[in-house]
Amino acid sequence: TPGPSTYTTAQTVTIVSSTPGVTIRYTLDGSTPTATSPVYSTPLNISTQTTLQAYATKPGWADSDVYSGTYSFTFGTLAAPTVSPATGTYTTSVSVTMSCAAGATPRYTTDGSNPVATSTAYTTPVAITQTATVKAGCFQTNFQPSPVTSVLYTLKAGTPTLSRASGSYAAGTTVTVTSPTSGATLYYTLDGTDPTTSSATIASGGTLVLGNFTLKVKAVKAGTLDSAIATAT
């Protein structure tokens, strides 16, 4: 007594047996008590979620059945986590940080579902490399989970880099095309039209021999917006 239930304050729990002269042994970790478990002598102070198990033993008598009950606590509802940076459009990737009140653990998802107590725990900044909604909540034993913080990150491929600016060059000069976004496909045109996904492609780090043309290049990656177009004549 008091019996297992959900409480808002710590509880002082006593264990009694209707059989005189017994020894009561107990555990507080959910394991089944044995002849080597602690002997109950004074009331137990229970202030966190605990499974109490106890049985009575007496020489010449069969041991009692094991009594088992779980004490749960609700000390309030946690505050929503802080997630940064804010919703917005970011180039190539964004590093997301999360924090909760002391003692609570941020847990998050990136698939649009709400986080639960078994969701991924935040430990280090999370790199987001494609458009995603990060949802985070704070979790702590004996507290109700926090409201969910939801932040939409829209990712955009980085603008390709051209190693040579517009200008006049000697015959045979080359230009190197580089993408700052790993995994992006580079599409280009030489006739001044904007490139599309049906245009020619070039690998990041690839080169083209210069001619009398306007080069336009853009980066495309699944899960991100297309990059701005790099142009040089």
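Me: What should I know about the model before we start?
Reply: The model is predicted, so local features need pLDDT of at least 70 and side-chain atom pairs count only at pLDDT 80 or more, while totals for chains, interfaces and linings use all residues. Residues are numbered from 1 along each chain as its sequence is written, and side-chain values use heavy atoms, with hydrogens and water left out.

Me: OK, how many disulfides does a search of the whole structure find?
Reply: One disulfide turns up (a pair of cysteine sulfur atoms within 2.5 Å). C100 is joined to C138, with 2.0 Å from S to S.

Me: Where do C100 and C138 sit in the chain?
Reply: C100 is in the loop between β9 (94-99) and β10 (105-109), and C138 is in strand β13 (residues 132-139). They are 38 residues apart, so the pair links distant parts of the chain. Strands here are DSSP runs of E, at least two residues, and helices are runs of H or I, at least four residues, both numbered from the N terminus.

Me: Is C138 buried or exposed?
Reply: C138 is buried, at 0% relative accessibility. C100 is partly exposed, with a relative accessible area of 22%. Buried means under 20% relative accessible area, exposed means over 50%, and partly exposed is in between (1.4 Å probe, protein chains only).

Me: Which handedness does that link have?
Reply: The link of C100 and C138 is left-handed, with -95° about the S-S bond.

Me: Switching topic: which residues touch the most other members of the largest nonpolar core?
Reply: L162, L215 and V217 do, in a core of 15 residues. A nonpolar core is a set of buried Ala, Val, Leu, Ile, Met, Phe, Trp, Tyr and Cys residues joined through side-chain atoms within 4.5 Å.

Me: And which element gives the most to this core?
Reply: That's β20, with three residues. The elements giving two or more residues are β16 (174-178), β17 (185-189), β20 (215-220) and β21 (230-232). Apart from this core lies another one, of 14 residues, including V96, V126, A132 and V151.

Me: What does L162 touch?
Reply: Not counting residues up to four places away in sequence, L162 touches V175, T176, V177, L215, V217, A230, T231 and A232. Contact means heavy atoms within 4.5 Å.

Me: Now the open sheet: what order do the strands come in?
Reply: The order is β1-β6-β5-β3, four strands with mixed pairing. The edge strands, β1 and β3 (23-27), each pair on one side only. Two strands pair if DSSP finds at least two bridges between them.

Me: In what sense do β1 and β6 pair, parallel or antiparallel?
Reply: Strand β1 (residues 6-7) and strand β6 (residues 67-73) pair in the parallel sense, over two bridges. T6 stands opposite S72, and Y7 has F73 as its bridge partner. Strand β5 (residues 50-57) pairs with β6 in the antiparallel sense over five bridges, with Q53 opposite S68.
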